[in-house]
Amino acid sequence: MTDLGGPGNHRARGPGDGPEAVASQIADAVESLTALWSVAAQEASLRLSPHQLRALRTVQAAPGLNLTALADGLDIGLPTASRLCDRLAAAGLLERAPHPDTRREVQLWLTTHGRHVLGEVAGRRAQALAAALAAMEPAERAALSRGLRGFLAARNTASDADGARER
């Protein structure tokens, strides 16, 4: 491993900075980030469960998807997804509309209010994250940024290789 402390400061690190130790540190950071995310979401004008937020974000990413696709995307059963959509529709966040070509299929769309709530939650999360990052030293933020870029590049390379093997 190398030290990401700054430019020109790349020295060998000890065994405590091996992949397993760093994975443990990342797991701790993810738990902290999850807690920050949850608190920011709960401070929004409309409190939604993590399941409800995931459902809304899924519909936002794929407007017009059907109930089966939502259930698959959330890895939940169809009856659970239907009840979840019932609650979101009752809250004015989600709209069900008949599919224009298939009468038996229903499309899911965010309402204006649903888009507003997701925007509010995203804004609160960004503010909370920015506050945490502002408390870090500039060199720490730069090292974190480089490390995250490296992680994402490695992960994308691994995903691309996995995809190529499946073909």
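Guide: Ala, Val, Leu, Ile, Met, Phe, Trp, Tyr, Cys and Pro count as nonpolar, Asp, Glu, Lys and Arg as charged, and the others, including Gly, as polar. What you see is a predicted model, where local features need pLDDT of at least 70, side-chain atom pairs count only at pLDDT 80 or more, and totals for chains, interfaces and linings use all residues. Residues are numbered from 1 along each chain as its sequence is written, and side-chain values use heavy atoms, leaving out hydrogens and water.

Visitor: How do the residues lining the second largest pocket divide by class?
Guide: A pocket is an open set of points on a 1 Å grid where a 1.4 Å probe fits, with protein on both sides within 12 Å along at least five of seven lines, and its lining residues have an atom within 4 Å of a point. Here the lining is Thr-34, Trp-37, Ser-38, Ala-41, Gln-42, Leu-48, Ser-49, Pro-50, Leu-53, Arg-54, Arg-57 and Arg-125. Sort them and you get 5 nonpolar, 4 polar and 3 charged.

Visitor: Which helix gives the most to that lining?
Guide: Helices are DSSP runs (H or I, at least four residues) numbered from the N terminus. H1 and H2 each supply at least two residues of the lining. The top giver, with 5 residues, is H1.

Visitor: Are H1 and H5 parallel or oblique to each other?
Guide: Helix H1 (residues 19-42) and helix H5 (residues 112-134) have axes 8 Å apart, at an angle of about 135 degrees. Axes are lines fitted to C-alpha atoms over the stretch in contact, with angles from 0 to 180 degrees between N-to-C directions. Under 35 degrees is roughly parallel, over 145 roughly antiparallel, 65 to 115 roughly perpendicular and the rest oblique, so H1 and H5 are oblique.

Visitor: Which residues of H5 does H1 meet?
Guide: Contact means heavy atoms within 4.5 Å. From H1 come Leu-33, Leu-36, Trp-37, Ala-40 and Ala-41. By class, this contact has 9 nonpolar, no polar and 2 charged residues. On the H5 side, look for Val-121, Arg-124, Arg-125, Ala-128, Leu-129 and Ala-132.

Visitor: At what angle do H3 and H4 cross?
Guide: Leu-67, Thr-68, Leu-70, Ala-71 and Leu-74 in H3 meet Leu-78, Ala-81, Ser-82, Leu-84 and Cys-85 in H4. That contact holds 8 nonpolar, 2 polar and no charged residues. The axes of H3 and H4 (residues 78-90) come within 9 Å and cross at roughly 105 degrees.
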